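Visitor: I have a model open and a few things to ask about it. Can we go through them one at a time?

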Amino acid sequence: LQDIIPQPLLDQYLSMTDPARAQTVDTEIAKHCAYSLPGVALTLGRQNWHCLKDTYETLASDVQWKVRRTLAFSIHELAVILGDQLTAADLVPIFNGFLKDLDEVRIGVLKHLYDFLKLLHADKRREYLYQLQEFVVTDNSRNWRFRYELAEQLILILELYNPNDVYDYLRHIALTLCSDKVSEVRWISFKLVVAILQKFYANNANALGLNFINELVVRFRHCSKWVGRQAFAFICQVGMLSLYMFI
């Protein structure tokens with residue numbers, strides 16, 4: 001029970017997930033319900049999340065990917081409304097499910113990956129280091145914008161992890177993206193590489209920075225293909241100052 005909005009109105013909203021309503025009222029009524037859920041949650045407040053929890057879980061497992069996609073695009077907003085404890089208990093499992101969903105759903109999570117991860121506790125956030133690599137693989141390899149978005153998000157995510165974690169996990173993803181077949185993906189990845197170097201410098205992790213530079217030299221500067229050597233030149237162009245800080 002709650003006293004924020006009239007109970008009959010809330011009951012009417014919750015009934016939008018009834019499959020019978022999709023057949024008699026609107027075939028996309030569940031999608032409309034998913035789209036409005038963050039607003040309803042904000043109105044009710046986190047103290048009344050129990051009124052919406054079952055509905056949210058029902059929508060998150062809907063057979064229509066458009067419904068799940070709608071939730072994926074707004075899960076970071078719902079996390080702000082609910083706070084860290086409810087997010088860890090009720091949203092993280094659904095978030096993990098979206099990570100393994102279709103690309104059409106995963107892109108919603110990816111576009112706001114930084115916004116969601118920064119709301120988690122450090123220990124919970126660290127668990128996702130192992131899963132970030134999975135974003136490199138897509139259902140359709142020609143979906144290069146997915147990898148472009150990943151590189152953009154990683155630039156932001158760098159601040160959430162310590163230099164050792166960046167070196168052990170995010171470095172490998174950056175190097176993979178730097179060798180992408182699409183030039184737009186490679187270019188944003190060069191900015192990611194420079195951001196990683198700046199991360200090492202800002203945290204006095206000079207040894208990690210030097211190791212990373214040596215790896216860039218071996219992998220790109222001495223590459224047998226011209227595209228690799230060109231990549232090294234572009235990395236130097238994007239972050240000349242960052243590179244010379246370690247030399």
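Guide: Asn204 is a place to start: it is exposed, with a relative accessible area of 66%. The model is a predicted one.

Visitor: Where does Asn204 lie?

Guide: Asn204 sits in the loop between H11 and H12. It also has a positive phi, about 60 degrees, although it is not a glycine.

Visitor: What does the secondary structure of the chain come to?

Guide: The chain has 14 helices and zero strands.

Visitor: And how many of the 247 residues count as buried, as a percentage?

Guide: Of the 247 residues, 48% count as buried. The C-alpha trace spans about 70 × 35 × 25 Å along its principal axes.

Visitor: What pLDDT does the chain average?

Guide: The average is 90, and 97% of the residues score at least 70.

Visitor: Which element has the lowest mean pLDDT?

Guide: Helix H14, residues 240-244, has the lowest mean pLDDT among the elements, at 55. The highest belongs to helix H7, residues 113-117, at 96. Where pLDDT is low, the predicted coordinates should not be read in detail.

Visitor: Domains next. What does the domain assignment give?

Guide: The assignment gives domain 1 as 1-120 and domain 2 as 132-246. Their centres, taken over C-alpha atoms, are separated by 34 Å.

Visitor: How many residues of domain 1 are in contact with domain 2?

Guide: Twelve residues of domain 1 are in contact with 17 residues of domain 2.

Visitor: And contacts across the chain, what share comes from residues 24 or more positions apart?

Guide: Such pairs account for 68% of the contacts with a separation of 6 or more.

Visitor: Switching to charges. How many salt bridges does a search of the whole structure find?

Guide: The search finds eight salt bridges. One of them joins the side chains of Lys53 and Asp90, at 3.4 Å from N to O. Lys53 lies in helix H4 (residues 53-60) and Asp90 in helix H5 (residues 65-99), so this pair ties together parts that are 37 residues apart in sequence.

Visitor: Is Asp90 buried or exposed?

Guide: Asp90 is buried, with a relative accessible area of 11%. Lys53 counts as partly exposed, at 28%.

Visitor: Which residue does Asp165 form a salt bridge with?

Guide: Asp165 pairs with Arg126, and the closest N and O atoms are 2.8 Å apart. Asp165 is in helix H10 (residues 163-178) and Arg126 in helix H8 (residues 122-126), so the pair ties together parts 39 residues apart in sequence. Asp165 is buried, with a relative accessible area of 4%, whereas Arg126 is partly exposed at 35%.

Visitor: And Glu215, what is its partner?

Guide: Glu215 forms a salt bridge with Arg171, with the closest N and O atoms 2.6 Å apart. That pair links distant parts of the chain, Glu215 in helix H12 (residues 206-221) and Arg171 in helix H10, 44 residues apart. Here Arg171 is buried at 8% relative accessible area, and Glu215 is partly exposed at 23%.

Visitor: Which side chain of opposite charge is nearest to Lys199?

Guide: The nearest is Glu159, 7.9 Å away.

Visitor: What does Lys199 touch?

Guide: Leaving out residues up to four places away in sequence, Lys199 touches Leu158, Glu159, Tyr161, Asn162, Pro163 and Val166.

Visitor: Last one, Lys111. Where is it?

Guide: Lys111 lies in helix H6, residues 103-111. Lys111 is partly exposed, with a relative accessible area of 36%.

Visitor: What is Lys111 in contact with?

Guide: Leaving aside neighbours within four places in sequence, Lys111 is in contact with Phe73, Glu149 and Gln153. The side chains of Lys111 and Glu149 are joined by a polar contact of 3.3 Å.

Terms used
Residues numbered from 1 in each chain as written. Predicted model: local features only at pLDDT ≥ 70, side-chain atom pairs only at ≥ 80, totals over all residues. Heavy atoms only, no water. Buried < 20%, exposed > 50% of the residue type's maximum accessible area, 1.4 Å probe, protein only. Lys, Arg positive; Asp, Glu negative; His and termini not counted. Salt bridge = Lys/Arg side-chain N within 4 Å of Asp/Glu carboxyl O. Contact = heavy atoms within 4.5 Å. Helix = DSSP H or I, 4+ residues; strand = E, 2+ residues; numbered from the N terminus. Polar contact = N/O pair within 3.5 Å; in protein donor to acceptor, adjacent residues only side chain to side chain. pLDDT = per-residue confidence, 0-100. Domains from an automatic or database assignment.
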